[in-house]
Each structure stands twice: as structure tokens, then as C-alpha cells.
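User: I'd like to learn how to read a fold feature by feature. Could you walk me through this one?

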Amino acid sequence: MHHVLDARSLNRATLARQLLLERADLPVLDAVTQLGGLQAQEPQEPFTGLWSRLRAFDPAALDTLLTGRRVVRTHLMRRTVHLLTADDVLAWRSRFDSMLRQRVVTTYRRELEGVDFAELAAAGRAVLADGEPRSMGELARAVADRWPDPGPRPLGELLIAALIPSVQVPPRGLWRTKAGVRNLPLAAWLGRDADPLDPADGVGQALVRRYLAAYGPAATADLRAWSGLTGLPAAVKAVRGELVGFRDERGRELLDLPGAPRPGPDTPAPVRFLPAFDNAILGYDDRTRIIDDAHRGLSVAGERVVLVDGRVSATWTVAEATVVVRPLRRLTTAEHGEVAAEGSEVAAFLSDGESDAVSIETR
């Protein structure tokens, strides 16, 4: 019989894998690899996510990786924008093609009816062949004479988020930089096409292992929720012999890598400020290991959250150089002090040391 892991044990495992139990002495590139990418639809949020996970994080290090083309911003997991290493994008992208296309088609089924996707992709590639980065709208308008009916948004999303593997090029996503989204084909930015699909689905098996390394122990439903992929049962079956099994308190089977860290449930967990849409929360179907069901909506609404004793216990914003914390429950005196101390550090990071002001509202 599988050993049962309670929610607190799962919480501590997640914090350890997500580098939230203690800050790691890792280069930024290695951290992005360990995390399997960071959600990045809000371009400045990954900086806070990395600051909360790494010792002495310097935003310039991430900027250098972006401009040096070793880290890229692209649509991948769940058809959302992620920050990933170039190596992972090149290895993984083809495995996500069908899902990305299906999600766009599901959203714009009526508008895209009758569009020949191969012809549209060829037309889009021809426009982008001049090497000039373009927005979704600009690319859609450039081909709209041949496909006038769908409108620019369905055409643009289909081209950039699905048909043509693309990256959002800098200055988008650089520290303290406001810049619109401009896209180039992945091959043009990184110098080669993504790896072709592997008939043996070695990529699917690699995704299972990488997911468990960053999020395990987890159920296959959690893997599906993180990736957006539905076709991983065969990959799970192929690697199952390498894995260990557990049960959660609901009776779901959880899988994990045998040597992965699973700290005890009483392991202390420091206060951590997470950015909007952090995958430590969104990377699961069952998120109760880290957030109460009553607050689940916060994780998809773009609210920044504060972990206290490892669980979402407050939201936070920045107003007039002050970090403003809104507790979701009453904090103890000790917790209040820990939140205030970490909030001051966040304020200093976001303001380049010009402010360490924090305000915690009364619950």
C-alpha cells in the first residue's frame, strides 16, 4: 500500500522543489531550469519570483540571459507566456504544438472556420522572413487581405501562439522596462528550429521527470494542469518503473522521483512574497497543498500572494513605494513581524533600495 502524505507534507515538498523553503545559491539559468520555467505573462513578475527563490539575485543577470538568447519568453504551458531556457524551448516546443493549436481553435472556432492553417502559417512566415519583429496585430494585418473574415486577434493568436513557434524579443521582459510585445520566429532568434517530434516520445517522458522534480509528489491530473497536455499517460506509463508512489488524503495516487526532497511536515517555512500567476500555485490541479479552496480564485486573478507557514495567507501590492499587505486571516504577532520584515526586503528590492516601507492592513 502507498504511504499517505498529508497536505502539510505535500506543502513542504512543494516549497523545497520550488526553492521557497530556503533561498538557493544557484545561477539564474539553473534556477529557471529547475523550475521548468516561470509564468511570465506579466513581464516584471519573474524578477520577484526569482528574488524570492535565490540568494543575492541580480535582475541584470536575467536581462543578460534574455538579451543573450539563453532564456526566452514564449507561449508554452497552458498556452500562457512562460520564461524558459532556450534549451528547454527547443527540446519541448514540438510536443506542445497540438495543444497550442487546439486551445486557439477552441477559443476562436467560429472565426477560424474554413481557414487553411498550413497556408496561413506559410503566409505568416513569409512576412516574418525579413527579420523584423512584429506584434500579433501587425502580423495579422499583413495577411488579412487573404483572410479578411476572422479579424486580427484570432489570426494573430493562431499565428504567434500556435502555428509559428515564436519568442517575445527584448526589450520586452527586461528589468524596469516597459515595452510592447514584438515577436520573431523561434528559429530566427535561436538559430535553429525546435527539435522534431520523437516517435518514442522521449520528450514526454522528460517532461514527466522534470515536472516531478519541480512539483512532486503529484498526480497525473496535476501534471496535466501544469502543462496543458492531455497526451501524457503513455509517457507516465513508460517511466512509472523509475518512480515511487504515494497517496494523498483524498486517496489520489501521487508519483515522485525516488531521490527527490520530501522534508518533514514540521520543517519551518519562511515568509515568501510570490508574484502574480506563480507556478508554485498554478502548477497543480489540486492546489490545496498551498492555498485554501476558498482563495483559489486569487491564483488565476493575478493577485500577488504572501506565503505564511507555507500557505497563501495574504495578498500584496505596491502603492507609492510601499508594499501593502492584506491578510486573508488573522496573523499571530510572530507572523506579523515576519511578514513585515520580508515585506521591507521586497520593497527595497523593487525600489532599488530607495524604500523599505511596508504596511500590513488589519484583518
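Predicted model: local features only at pLDDT ≥ 70, side-chain atom pairs only at ≥ 80, totals over all residues.

User: What does β10 pair with in the antiparallel sense over 5 bridges?

Analyst: That partner is strand β11 (residues 311-319). Val308 stands opposite Arg311 of β11.

User: How many residues of strand β10 are buried?

Analyst: Burial is read residue by residue, with under 20% relative accessible area as the cut-off. In β10 (residues 304-308), 4 of the 5 residues are buried, so the strand is largely enclosed by the rest of the structure.

User: What about a sheet: what is the strand order in the open sheet of 3 strands?

Analyst: The order is β1-β7-β8, and the pairing is mixed. The edges are β1 (3-5) and β8; each has a single partner strand, so one side of each is left without a neighbour in the sheet. On average, neighbouring strands of this sheet are turned by 45° against each other, direction ignored. β1 and β7 run parallel and are joined by 3 bridges, and Leu5 has Asp248 as its bridge partner in β7.

User: Which helix lies across β1, β7 and β8?

Analyst: That is helix α1 (residues 7-17), which runs at about 75° to β1.

User: Now helices. How do I read helix packing, and at what angle do α8 and α9 cross?

Analyst: Start with the general idea: an α-helix has 3.6 residues a turn, so residues three or four places apart point the same way. Then turn to the axes: those of α8 and α9 come within 8 Å and cross at roughly 110°. That makes the two helices, α8 and α9, roughly perpendicular. On the α8 side the contact involves Met136, Leu139, Ala140 and Val143, which meet α9 residues including Leu155, Leu159 and Ile160. Sorted by class, this contact of α8 with α9 has 9 nonpolar, 1 polar and 1 charged residues.

User: Is helix α9 mostly covered or mostly uncovered?

Analyst: Mostly covered: in α9 (residues 152-163), 10 of the 12 residues are buried. Among them are Pro154, Gly156, Glu157 and Leu163. The elements covering the buried residues of α9 include β3 (71-75), α6 (97-107), α7 (117-128) and α8 (136-143), along with β5 (166-168) and β6 (183-185).

User: Which residues make the contact between α11 and α12?

Analyst: Geometry comes before the residues. The axes of α11 (residues 202-215) and α12 (residues 220-227) come within 11 Å and cross at roughly 100°. The helices α11 and α12 are therefore roughly perpendicular to each other. Leu207, Val208, Tyr211 and Tyr215 make the contact from α11, and Asp222, Leu223 and Trp226 from α12. By class, the contact of α11 with α12 has 6 nonpolar, no polar and 1 charged residues.

User: How many salt bridges are counted, and which residue pairs with Arg95?

Analyst: The count comes to 30 salt bridges. Arg95 pairs with Asp201, at 2.8 Å from N to O. Asp201 sits in the loop between α10 (186-190) and α11, and Arg95 in the loop between α5 (86-92) and α6, so this pair ties together parts that are 106 residues apart in sequence. Both Asp201 and Arg95 are buried.

Notes:
Residues numbered from 1 in each chain as written. Heavy atoms only, no water. Axes fitted to C-alpha atoms, helices over the stretch in contact; angles between N-to-C directions. Parallel < 35°, antiparallel > 145°, perpendicular 65-115°, else oblique. Contact = heavy atoms within 4.5 Å. Nonpolar A, V, L, I, M, F, W, Y, C, P; charged D, E, K, R; others polar. Buried < 20%, exposed > 50% of the residue type's maximum accessible area, 1.4 Å probe, protein only. Pairing = 2+ DSSP bridges. Salt bridge = Lys/Arg side-chain N within 4 Å of Asp/Glu carboxyl O.
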